[in-house]
Amino acid sequence: MKMINTKVTIAGVEWDNPVTTASGTFGSGMEFADFVDLNRLGAVTTKGVSYVPWTGNPVPRIAETCSGMLNAIGLQNPGVEVFINRDLPFLKQYDTRVIVNVCGKTTEDYLKVVERLSDCAVDMLEINISCPNVKEGGIAFGQNTCSVEEITRQVKRYAKQPVIMKLSPNVTDIREMAKAAEAGGADALSLINTLTGTKIDIYKRKFVLANETGGLSGPAVKPVALRMVNQVARTVKIPVIGMGGIMTGEDAIEFLMAGATAVAVGTANFRNPLATAEVIDGINDFLAKEGIQDVKEIIGCVN
Amino acid sequence: MKMINTKVTIAGVEWDNPVTTASGTFGSGMEFADFVDLNRLGAVTTKGVSYVPWTGNPVPRIAETCSGMLNAIGLQNPGVEVFINRDLPFLKQYDTRVIVNVCGKTTEDYLKVVERLSDCAVDMLEINISCPNVKEGGIAFGQNTCSVEEITRQVKRYAKQPVIMKLSPNVTDIREMAKAAEAGGADALSLINTLTGTKIDIYKRKFVLANETGGLSGPAVKPVALRMVNQVARTVKIPVIGMGGIMTGEDAIEFLMAGATAVAVGTANFRNPLATAEVIDGINDFLAKEGIQDVKEIIGCVN
Amino acid sequence: MAVQKRARITSQVQLAPGIFSMWLEEAEIAKKASPGQFLSLYCNSEDRLLPRPISICEIKEDRTSLRLVYRVAGKGTEEFSKLKEGDMIQVMGPLGNGFPMEKKKAILIGGGIGIPPMLELAKSLDCEKSIVLGYRDKNTFLDKEFLPYGQVYLSTEDGSLGVKGNVIDAVRQYAVQGAVIYACGPTPMLRGVKAYALEHNITAWMSLEERMACGIGACLACVCKTKEKDHHTNVDNTRICKEGPVFKAEAVEL
Amino acid sequence: MAVQKRARITSQVQLAPGIFSMWLEEAEIAKKASPGQFLSLYCNSEDRLLPRPISICEIKEDRTSLRLVYRVAGKGTEEFSKLKEGDMIQVMGPLGNGFPMEKKKAILIGGGIGIPPMLELAKSLDCEKSIVLGYRDKNTFLDKEFLPYGQVYLSTEDGSLGVKGNVIDAVRQYAVQGAVIYACGPTPMLRGVKAYALEHNITAWMSLEERMACGIGACLACVCKTKEKDHHTNVDNTRICKEGPVFKAEAVEL
Ligand SMILES: Cc1cc2nc3c(=O)[nH]c(=O)nc-3n(C[C@H](O)[C@H](O)[C@H](O)COP(=O)(O)OP(=O)(O)OC[C@H]3O[C@@H](n4cnc5c(N)ncnc54)[C@H](O)[C@@H]3O)c2cc1C
Ligand SMILES: Cc1cc2nc3c(=O)[nH]c(=O)nc-3n(C[C@H](O)[C@H](O)[C@H](O)COP(=O)(O)OP(=O)(O)OC[C@H]3O[C@@H](n4cnc5c(N)ncnc54)[C@H](O)[C@@H]3O)c2cc1C
Ligand SMILES: Cc1cc2nc3c(=O)[nH]c(=O)nc-3n(C[C@H](O)[C@H](O)[C@H](O)COP(=O)(O)O)c2cc1C
Ligand SMILES: Cc1cc2nc3c(=O)[nH]c(=O)nc-3n(C[C@H](O)[C@H](O)[C@H](O)COP(=O)(O)O)c2cc1C
Ligand code: FES
Ligand code: FES
C-alpha cells in the first residue's frame with residue numbers, strides 16, 4: 001500500500017496534516033501535551049492573545065447544553081508578553097505549526113499584538129473578529145462587511161505572517177463577510193466561531209452564565225458550521241479552515257468534503273483530551289479504507 | 001391547594017395554556033389525535049398553507065444530526081381550499097385555538113391565502129417569512145427589515161384575525177427583524193424557525209438532503225432559540241411565542257422565563273407523539289412544585 | 001390505530017454478520033399487526049431523535065410478541081443490536097398499510113434486508129407461493145425459515161448460492177410462475193420487479209423505504225412520487241409511512 | 001501526571017437519599033492520587049459532553065481502587081448512579097493539587113457533599129484531628145467512617161443531630177481546637193470558615209468548586225478571584241482545576 005499524503009498547504013504554509021486545535025479549547029498546548037503528542041498535530045492554534053492581560057468574565061463561565069456547551073470565558077489571557085516569553089518557547093519545542101489567535105477591543109489593540117508578533121517564530125495569525133462574549137471582543141467587527149474588510153486591510157499592513165480571518169456565524173449571510181475579508185487581503189478564513197445562545201436555571205430563575213449569554217459550540221452546531229463552510233468555500237478563492245462540532249475523523253472528512261482545506265478540533269478536547277489525535281487517526285483510516293492516496297482529492301468534492 | 005391558572009392571552013386571543021404545536025411538525029393535528037387529546041392544547045398551529053398545492057422538495061427530505069434534525073420538506077401542502085374543506089372542519093371539532101401557518105412565494109401569494117381565510121373559523125394567522133427550504137419560501141422576506149415591515153403591513157391590511165409574524169434565526173440581529181414586524185403592525189411574533197444547516201454522506205460523497213441544505217431544529221438549537229426569544233421579548237411590546245428544541249416542561253419554562261408568553265413544541269413530536277401533552281403536564285408540575293399560582297408570574301422573570 | 005409503548009426484549013440473536021433478530025413482547029401492537037406493516041423504534045440515546053422504521057418479520061401465533069430482523073446500518077441499529085434480553089425499548093406501531101392478501105398464486109420476492117417482512121407474509125398468505133430470496137453472498141439469513149411455506153429459490157450476487165445475479169435472474173432462470181408479486185428490497189431491485197411485472201402483465205405489490213420523521217403521516221418527510229394526484233396530499237406524491245409502505249407497482253415512481 | 005482511562009465499577013451503593021458511593025478499579029490513577037484531588041467523570045450519553053468533577057473520597061490501601069461519594073444533582077450524576085458493578089466509566093485523574101499535609105493539630109470541616117474528600121484526608125493526616133461534619137438533617141452519610149480517625153462533631157440545619165446550625169456553630173459550641181483547618185463544602189460555609197480562621201489567626205485550607213470544561217487548566221472556565229496576581233494567568237484569578245481545588249483561605253475571594 002502506498003503512503004497516504006495528508007499534507008495541506010494554507011497560504012503558503014505547509015501542515016503535516018489538516019488538523020489544528022480550535023482557539024481557546026487547547027490553551028497553548030501545555031496542558032494537553034500530557035495526553036497528545038503535539039508533534040502529531042498539523043498546527044496548534046492558541047487561545048486568543050491580547051496586548052495587555054485580560055481578566056475575562058465572572059463565573060459561571062460555561063454551561064452544558066444538549067450535544068453542546070455555552071462558554072463566556074471572555075477572552076481571559078495573560079497578554080502578548082507572557083505569551084511570547086512563556087507559551088511560544090514551549091510550542092517551539094514541537095514540530096508543528098503555530099497559529100496565534102489574536103483578539104482586541106479596538107483596531108489598535110489588534111494591530112499592536114500583530115506588530116509585536118511580527119518578528120516572533122509564529123507561522124500564522126488568526127484574527128478573532130467574532131467573539132460574542134466580550135462587549136468589544138470583536139463581534140462588532142465581524143458582523144459588518146465594511147469593518148471586516150477594513151480591519152483585515154489594517155492587520156495585513158502590519159502582519160509579517162499569513163493572516164487567517166476568523167468569521168462569526170451570527171450573521172445573515174456569511175458569504176458577504178467572507179468576500180469582505182478576501183477583499184481586505186486575508187490569506188485564509190476560519191469558521192465558525194460560536195453561535196450566541198443562553199440557558200436559564202429555572203429553579204434560580206436566572207441565567208446560568210454570569211454573562212447571561214455565551215457561545216454555543218460542539219456537535220449541536222455542526223450542521224450550521226458545515227453549511228457555512230460550504231457556502232464560503234464555494235464563494236472565495238482563499239483556503240478555509242473549518243470547525244464547529246468536530247468530534248471524530250468522519251466529522252472532519254465532512255468538513256473537508258464541504259470545501260475546507262483544514263479543520264480545527266475544539267469542544268471535543270473537553271470530552272476527550274485525545275480527541276485531536278483520534279481525529280487525525282480517523283482521517284487516515286477513512287482515506288485508507290476508501291483507497292484515497294491524497295487528502296487533497298476529497299477537499300470540496302461535494303461541490 | 002388553589003387551582004393553577006395557565007391561561008395566557010395573545011393578541012386578544014385567550015389560550016387555555018401556553019402550549020401550541022410548531023408548524024409543520026403536527027400536520028393539521030389529524031394524525032396526532034390518535035395519541036394526544038387535542039382539546040388539551042392551548043392551540044394547534046398547522047403546517048404551512050399556500051394558495052395552490054405545493055409539491056415540496058425531492059427526497060431525502062430529512063437527516064438526523066446530534067440532538068437535532070435537518071428538514072427540507074419544502075412546504076409541501078395541499079393548498080388552502082383543501083385545508084378549508086378538510087383540515088379546518090376536523091380541527092373545529094376540538095376545543096382549542098386554531099392557528100394557520102401561511103406561506104407564499106410572492107407577497108400576492110400570502111395575501112391571497114390570508115384573504116381566503118379571513119372569513120373562516122381560524123383564531124390566528126402565523127405568517128412564515130422564514131422558511132429556508134424553498135427558494136422563494138419566505139426567507140428572502142425574513143432577512144431584511146424593510147421587507148419584513150412591508151409584508152407585515154400588507155398582511156395586516158387583509159387579515160381579519162390577529163397576525164403572528166414568524167421570524168428567521170438566520171439573521172445578524174433578530175431584534176431588528178422583530179422591531180420591523182412590530183412597526184408593520186404585527187400582533188405577535190413567533191420564533192425561531194430553523195437554522196440553515198447541512199450534512200454530508202462521506203461514503204457517497206454528497207449531501208444527505210436532496211435539497212443540499214435544510215433547517216436545523218430540535219434540542220441542539222435550544223440555546224440559540226432561547227437567546228433570541230429573550231432578546232426579542234426585551235425589545236418589543238407585542239407578545240412572543242417561543243420555540244426551538246422544546247422537549248419537556250422544563251424547557252418550556254425556560255422560554256417562558258426568557259419572556260415568551262407561549263411556546264410551541266416541534267421536533268419533539270417526532271421523538272414522542274405525546275410530547276405536547278407531556279410538556280403541558282410538565283409546566284403544571286413545575287408551577288405546582290414551586291407554588292406558583294399563575295403561569296403569567298414567571299413570564300420574562302429573568303429580565 | 002397505532003400506539004406508543006415501552007416493550008420488553010425477550011430475545012436478541014445474531015443471524016449473520018451484522019444481521020440481528022429481536023423478539024419484542026408487546027401484545028397491544030402484536031394484536032393489531034399484519035404482514036408488511038412496520039414499527040418505529042426509538043433510540044435510548046437522547047441525542048438520536050428520530051425513530052427507526054423496522055418491518056414486522058413475524059407475529060407470534062398467540063399475538064403477544066413481534067419479531068424484527070434488522071441490519072446494523074448506522075448508530076441507531078448499532079444501539080439496538082447491543083440491547084439484551086430483558087432490556088426495554090420504546091416502539092410505536094403497527095404503522096403503515098401492510099400487504100393486501102390476494103388469493104392468487106403468489107411470488108414473494110425479498111432482497112437483502114427486504115427479506116424479513118416476507119416471512120410473516122409467507123405465513124399468512126393462504127395460497128400457493130413461490131419465494132425468491134436475494135443475498136449478496138453465502139451469508140444468508142432467514143432462508144431456511146421460509147421452507148415450510150413454499151418453494152424457495154435463492155440468488156446471490158457472487159453466485160456462491162443459488163442463481164448468480166439478482167432475484168429477477170432467479171425468477172427467470174427457474175421460470176417461477178405466479179399471478180401476483182409481493183416484493184421488498186432495495187430500489188434497483190424493485191425497479192427490476194416492476195419492469196418484470198409490467199412485462200408479464202401481473203400485479204406487483206412492493207414495499208418502499210424512505211427516511212421518516214413522524215412515521216404517522218404528519219410531517220411529509222417520507223413521500224414517493226405517484227403517477228396520479230394523491231387524495232391526501234393533493235399533489236403527485238404520497239406518504240410512504242401512511243398510504244404505504246406497500247404500493248401497487250404502477251402507482252408509484254421509483 | 002493525569003491520565004484518561006476506562007475504569008471498572010466494582011461497587012455502587014446508596015448511602016442516604018440521593019447520595020451514592022462508588023468504587024472504581026483504576027490502579028494507575030489510584031497510585032498517583034492524594035487526598036483533596038479529584039477525578040473528571042465522563043457521561044456515557046453522547047449528548048452530555050462535559051466531565052463531572054468528583055473528589056476522591058478514599059484510596060484503597062493497595063492503591064488499586066478509588067472511592068467516590070456523590071450526590072445526584074442533575075442528569076450526569078443521575079446517569080452515574082444507575083451504573084452497576086461491572087460497568088465501565090471513562091475517568092481522568094488524578095486532577096488538582098490536593099490538601100497539603102501539615103503536621104499540626106488539625107480541624108477537618110466538611111459540609112454536605114463536601115464531606116467525602118475529608119475521609120481520605122482524615123486517614124492520611126498524621127496528627128491529632130478533630131472532625132466537624134455538617135448535614136441538612138438526620139440523613140447523614142460517611143459520619144461513622146470518620147470515627148477511627150479523630151473526635152467527630154456533627155451539626156444539622158434542622159437540629160435533628162448534633163448542634164443545630166452550621167459547622168462553625170459546632171466548632172464554637174464544642175470549642176474545637178486546632179492549629180490548621182481543612183475545609184470543603186458550600187461557599188457560604190467556606191465564607192464562615194474563612195472568617196473564623198482569620199478571627200483565630202489560624203491557617204485554613206479550603207477546597208473550592210466551579211463549573212469545569214477541560215479539568216486540566218487549559219480553558220479558563222473554572223477560575224476564582226485571587227488577592228494577588230496569579231503566576232499563570234497573569235491576572236487576579238486562578239484556575240481551580242489546576243492550581244486548586246485547595247487554596248489557602250486568604251489567597252482567594254469567595
Ligand atoms: C418501512 C421501512 C421498513 C424497514 N424495515 C427494515 C427492516 O425490517 N430491517 C432493516 O434492517 N431495516 C429496515 N428498514 C431500514 C431501516 O429503517 C434503516 O436501516 C435504519 O433506520 C437505519 O438506522 P441507523 O440509525 O442504523 O442508521 P443511520 O444512518 O445512523 O440513521 C440516520 C437516520 O437516517 C434514517 N435512515 C437511514 N437509512 C434508512 C433507510 N434505509 N430507510 C429509512 N430510514 C433510514 C434513520 O432512520 C435515521 O433517522 C426499513 C425502512 C423503512 C422505511
Ligand atoms: C473539584 C470538585 C470536586 C467535587 N467533588 C464532588 C464530590 O465529591 N461529590 C459530589 O457529589 N459532587 C462533587 N462536586 C460537584 C459535582 O461536580 C456536581 O454536582 C456535578 O458535576 C453535577 O453534575 P450533574 O450532571 O449531575 O448536574 P447538571 O446540573 O446536569 O450538570 C450540568 C453541568 O454543570 C456542571 N456542574 C453542575 N453543578 C456543579 C458543581 N456544583 N460543581 C461543578 N460543576 C457543576 C456539571 O459538571 C455539568 O457540566 C465537585 C465539584 C468540583 C468542582
Ligand atoms: C471554552 C472556549 C473558548 C474559546 N475561546 C476562543 C478564543 O479565544 N478565540 C477564538 O477565536 N475562538 C474561541 N472559541 C471558539 C472555538 O475556537 C471554535 O471556533 C468553536 O468552539 C467551534 O468549534 P467546536 O465546536 O469544535 O468547539 C472558544 C470556544 C470555547 C468552547
Ligand atoms: C419537519 C418540519 C417541518 C416544518 N415546517 C414548517 C412550516 O411549514 N412552516 C413553518 O413556519 N415552520 C416549519 N417548521 C419549523 C418549526 O415550526 C419550528 O419553528 C422549528 O422546527 C423549531 O422548533 P423545534 O426545534 O421544536 O422543532 C418545520 C420544522 C420541521 C422540523
Ligand atoms: S414520516 Fe412523517 S409523513 Fe411519513
Ligand atoms: S476547567 Fe478548564 S481551566 Fe479549569
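UniProt, in an unreviewed entry, lists C:Cys214, C:Cys219, C:Cys222 and C:Cys241 under "binding site" (positions follow the numbering used here, feature names are shortened, and annotations may be inferred rather than shown by experiment). The model is predicted: local features need pLDDT of at least 70 and side-chain atom pairs pLDDT 80 or more, while totals for chains, interfaces and linings use all residues. Residues count from 1 along each chain as written, chains are lettered from A and ligands numbered from 1 in written order, and side-chain values use heavy atoms, without hydrogens or water.

C:Cys222 sits in the loop between β13 (203–207) and β14 (223–225) of chain C (strands are DSSP E runs of at least two residues, helices H or I runs of at least four, numbered from the N terminus). With 2% relative accessibility, C:Cys222 is buried (under 20% relative accessible area; 1.4 Å probe, protein chains only). Beyond neighbours within four places in sequence, its contacts include C:Glu210, C:Arg211 and C:Cys241 (heavy atoms within 4.5 Å). C:Cys241, in the loop between β15 (237–239) and β16 (246–248) of chain C, is buried too, at 3%.

Over in chain D, an oxygen atom of ligand 2 is 2.7 Å from a polar backbone atom of D:Gly76. A nitrogen atom of ligand 2 lies 2.8 Å from a polar side-chain atom of D:Glu209. The elements giving two or more residues to the ligand 2 shell are β4 (52–55), β6 (65–71) and α2 (75–81) of chain D, and β4(D) gives the most, with 4 residues.

How values were computed:
Buried means under 20% relative accessible area, exposed over 50%, partly exposed in between (1.4 Å probe, protein chains only). A polar contact is a pair of N or O atoms within 3.5 Å; within protein, one must be able to donate a hydrogen and the other to accept it, and residues adjacent in sequence count only if both atoms are side-chain atoms.
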